[in-house]
Structure formats: C-alpha cells, structure tokens
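This report walks through one protein model, contact by contact. Keep the sequence and the structure open while you read.

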Amino acid sequence: QVQLVESGGGLVQAGGSLRLSCAASGSIFSINAMGWYRQAPGKQRELVAFRPTGGSTAYPDSVKGRFTISRDNAKNTVYLQMNSLKAEDTAVYYCYVLITEVSSRTQPYWGQGTQVTVSS
C-alpha cells in the first residue's frame, strides 16, 4: 500500500556533500517517525539519523554535526543532507518511515537502498 523510492546516491570526493531523497507514495494517513540507516560491507546496519514526528532528532557521534534529516510534508519526502563526507561514510543508505495508513494500520517501510561512495 505504501512504497518508498530513494534517490541521490553516488560517488563523491571526501569533504563533499550529497543529499539523499526518499519519496513515499500510497495510502498514507500520517508519518509518525523517519530515519536513515546505512550498511557497509561486512558490517551490520546502523542508524545514522532518527526523528519521531514531534520529537527530538537523534544522530550517532560518527555523523553528528555533518548529517541532517528533514522532511517535506507536502511531498511526503524525507531527506538526508550529508556534508563533510568521509571515506568511512561509504555504505548503502536506507530510508525508514513509520507510517499510519488510511486503513489505520501502522507499520514501518524501508527504501530500496542507494549506494554512497566517498573517495579519499
């Protein structure tokens, strides 16, 4: 009933910036929380940003001060602005959105993943 489509990944030099987008479509009643996760080869998926609607935003120390999560309510789109990128930021990035559907069911949805590669 709901689909997330990610875009904005690519190759960037260390110190550069990228902006990831995650557009949600379908029978959406409300968005209750949003986040971004990443997974590098040989590592477990880790949280890079999380923001419950009406709550405080959480970032791990590894990205704090460099990454910013935001949302365009009119477009049902979640963004991740990434600045001062480092080689260790290289990973597949996944969008997460906790959605209450028109049917009143609440469940999480994940984007398909987008590759971010940072060269030294």
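Start at Gln81. Setting aside residues within four places in sequence, Gln81 is in contact with Ser17, Leu18, Arg19, Arg66, Phe67 and Thr68. Contact here means heavy atoms within 4.5 Å. The model is predicted: local features need pLDDT of at least 70, side-chain atom pairs count only at pLDDT 80 or more, and totals for chains, interfaces and linings use all residues. Residues are numbered from 1 along each chain as its sequence is written, and side-chain values use heavy atoms, with hydrogens and water left out.

Gln81 sits in strand β7. Strands (E, at least two residues) and helices (H or I, at least four) are DSSP runs, numbered from the N terminus. Gln81 counts as partly exposed because its relative accessibility is 27%. The scale is simple: buried is under 20% relative accessible area, exposed is over 50%, and partly exposed lies in between (1.4 Å probe, protein chains only).

Arg66 belongs to the loop between β5 and β6. Its relative accessibility is 10%, so Arg66 counts as buried. Beyond four places in sequence, Arg66 touches Gln81, Met82, Asn83, Ser84, Leu85, Lys86 and Asp89.

Arg38 is in strand β4. Arg38 is buried because its relative accessible area is 5%. Its contacts beyond four places in sequence include Gln44, Val48, Ser62, Phe67, Glu88 and Tyr93. Arg38 and Met82 are 44 residues apart along the chain, and their C-alpha atoms are separated by 13 Å.

The table collects polar contacts. Each is a pair of N or O atoms within 3.5 Å; within protein, one must be able to donate a hydrogen and the other to accept it, and residues adjacent in sequence count only if both atoms are side-chain atoms.

| From | To | Distance |
|---|---|---|
| Arg38 side chain | Glu46 side chain | 2.8 Å |
| Arg38 side chain | Asp89 side chain | 2.9 Å |
| Arg66 side chain | Ser84 backbone oxygen | 3.0 Å |
| Gln81 side chain | Asn83 side chain | 3.0 Å |

**The nonpolar core**

Which residues have the most contacts inside the largest nonpolar core? They are Trp36, Leu80, Met82 and Tyr93, in a core of 30 residues. Such a core is a set of buried Ala, Val, Leu, Ile, Met, Phe, Trp, Tyr and Cys residues joined through side-chain atoms within 4.5 Å. Elements that give two or more residues to this core include β1 (2-7), β4 (28-39), β7 (77-82) and β8 (91-101). The largest share, 5 residues, comes from β8. In soluble globular proteins, nonpolar side chains tend to be buried together.

Met82 touches Gly16, Ser17, Leu18, Leu20, Arg66, Phe67, Tyr93 and Val116, not counting residues up to four places away in sequence.

**Strand β1**

Side chains alternate along β1. Val2, Leu4 and Glu6 point to one face and are buried. β1 and β3 run antiparallel, joined by 6 bridges. Two strands pair if DSSP finds at least two bridges between them. Val5 has Ala23 of β3 as its bridge partner.

**The disulfide**

The structure holds 1 disulfide, a pair of cysteine sulfur atoms within 2.5 Å. Cys22 and Cys95 form it, with their sulfur atoms 2.3 Å apart. The link is left-handed, at -85 degrees about the S-S bond. It joins distant parts of the chain: Cys22 in strand β3 and Cys95 in strand β8, 73 residues apart. Cys22 counts as buried at 1% relative accessibility. Cys95 is buried too, with a relative accessible area of 0%.

**Aromatic rings**

The whole structure has 4 aromatic pairs. Rings of Phe, Tyr and Trp (its six-membered ring) pair if their centres lie within 6.5 Å; planes under 30 degrees apart are stacked, over 60 edge-to-face, and the rest tilted. Phe50 and Tyr96 have ring centres 6.2 Å apart and planes at 40 degrees, so the pair is tilted. Phe50 is in strand β5 and Tyr96 in strand β8, 46 residues apart. Phe50 is partly exposed, at a relative accessible area of 24%, whereas Tyr96 counts as buried at 12% relative accessibility. Tyr37, Phe50, Tyr96 and Trp110 form one aromatic cluster.
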